[in-house]
Amino acid sequence: MKASLVLGLGALALPSASATPVGLRDASQSKSFMGTNLYFLPGMSDEDQDTYINDIANYGAKVVRVWVNPQSGGSCEKGTKIAVSVPKLEDKLGQYNDQALDAVDKVVNKLAQKGIKSIISPHDGNAFLNDYRKDIYSETWNKQTFYTSQDAFDAYDRRIDHILNYTGKASGKQWKTWSDAILAFDLQNEPMSADNSVCNKDGDKAGWICGRAKHMRETLGADNKIRIASGGVGGDISHGCTFAKAATGCAALDLIAVHRYAGSQESQPNQWSNGAKSWTGQSGGKLVFVEEWGVDTSKTKPETELVAQAGDLNKAGLPNLYWQILPRKNGGCSYNPASDSGDTYGIFAESDVDIASVMKGASSATAAQDWSSFGG
C-alpha cells in the first residue's frame, strides 16, 4: 500500500511451475480463502504475536502477507507497541543483516504452526517515494532507473537470492524449500508504484517484471511449489499496471496480485463480482487474487461495510487479503483508523466487526479459478 506506511493451505500439492496456465473451472473442487496483511507483525512482542495469530486463526484466516522491512522498537504502529527493533536487511548493497530475516522467519513459523501460509514481500517499492521508507536502493537509484538499469537488476537479484536461500533461525528451514509454510514470494511490494509511467506508458520495456520473475524461478527451481506473485504492479489497480502485458505474458510469473481501494458497496454494487469477470479474462490464464483491499472506516461503518464487500468478493470467488486486520487494542498505543490521514482501512481484531463470518465464508465459497491445488 502506498498511503501508509485453510488449514488446507498447510499441506499443498501444487502443480509444477511448467504446468498449463490455470483458468476457470468447476467450483465444486475449488474453494476460495481470505487472510490479511500485517507488515509490522515481525516487530511485535512474542505475546502479542501469539495472541494475534490465535485470533486470526480462530477467524479462519488462511494466508498472511508479511514484509522484509525494518521496525522501530518502542514505537507505536497502528495501535500496537513495537517491541522488537528490526534492522534493514541492507544498509549497504550486498551486505545483509539476517536479523531482519530472523524476525520474519519467527512469525512465518508461528503462522505455519496454525496452518496459515505466508506471502513474503522481499522489498517495498514505495521506498522510491523517498519518504520514511527510503533505503539503500532508493539512495542508489531513482524511481525510474531502479526498473531500467542492469546494475540495479543485478543488485536486486542478489537480494532475492539471499532471501530465498536463507535458512531460518526459528524454523531451521531454508525458505526456498519451505513450501509447507510459504505460499508465494512477491516480486516486490507495489513495483513501479512510485512512477507508473514505467509500467503503463513504457510497458516495462527494460523487462524488470519478467526478468525478476525468471530469476526467482531459477533460484527456487522449476518444480518448486512456492509461487511467484506480482506484488501489485503499479500499486492500486486504478493506475493501469496490474494487468500489464509484461506480467500477464510472463511464463515465470504465477499469480497476479490486485491492489484495490475503492468506494462503498452501496455506491458501487457488485464491484468485486463485476471486476472478477474482467480480471480473470485479462490474466493470461494466471491465478488472480486481491492482495490488498480495505473499507474506508472514515466514510463507512466497518461492521456493515466489511460484510458487504467481503460478501461480494466471496460471491465472485476471489481469494483476498484484507488491509489490515489489526491486533486487538491493548491500551499501550492510542489509535483510531478512521482518523489516520494515510490509511483509514484498519479493523481491530476482537472489535464489533464480525471478521470470522467473512473469513469462514471465503473458505466455503466457490473460487472463480482453480485454486484446489493450493488447498483453497
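User: How many disulfides does the count come to in this predicted model?

Analyst: The count comes to 3 disulfides, and the model is predicted.

User: Why are cysteine 76 and cysteine 333 said to form a disulfide?

Analyst: The cut-off for a pair of cysteine sulfur atoms is within 2.5 Å. The sulfur atoms of cysteine 76 and cysteine 333 are 2.0 Å apart, so the pair is a disulfide. Cysteine 76 lies in strand β3 and cysteine 333 in the loop between β13 and β14, so the link ties together parts that are 257 residues apart in sequence.

User: What makes cysteine 76 count as partly exposed?

Analyst: Cysteine 76 has 43% relative accessibility. Buried requires under 20% and exposed over 50%, so the value for cysteine 76 falls in between and the residue is partly exposed.

User: Why is cysteine 333 called buried?

Analyst: Its relative accessibility is 11%, and the cut-off for buried is under 20%, so cysteine 333 counts as buried.

User: How do you know that the disulfide of cysteine 199 and cysteine 241 is right-handed?

Analyst: The torsion about its S-S bond is about 75°, so the disulfide is right-handed. Cysteine 199 lies in helix α5 and cysteine 241 in the loop between β9 and α7, so this pair joins parts that are 42 residues apart in sequence.

User: What makes cysteine 210 and cysteine 250 a disulfide?

Analyst: Their sulfur atoms are 2.1 Å apart, and the cut-off is within 2.5 Å, so cysteine 210 and cysteine 250 form a disulfide.

Notes:
Residues are numbered from 1 along each chain as its sequence is written. This is a predicted model: local features need pLDDT of at least 70, side-chain atom pairs count only at pLDDT 80 or more; totals for chains, interfaces and linings use all residues. Side-chain values use heavy atoms; hydrogens and water are left out. Helices (H or I, at least four residues) and strands (E, at least two) are DSSP runs, numbered from the N terminus. Buried means under 20% relative accessible area, exposed over 50%, partly exposed in between (1.4 Å probe, protein chains only).
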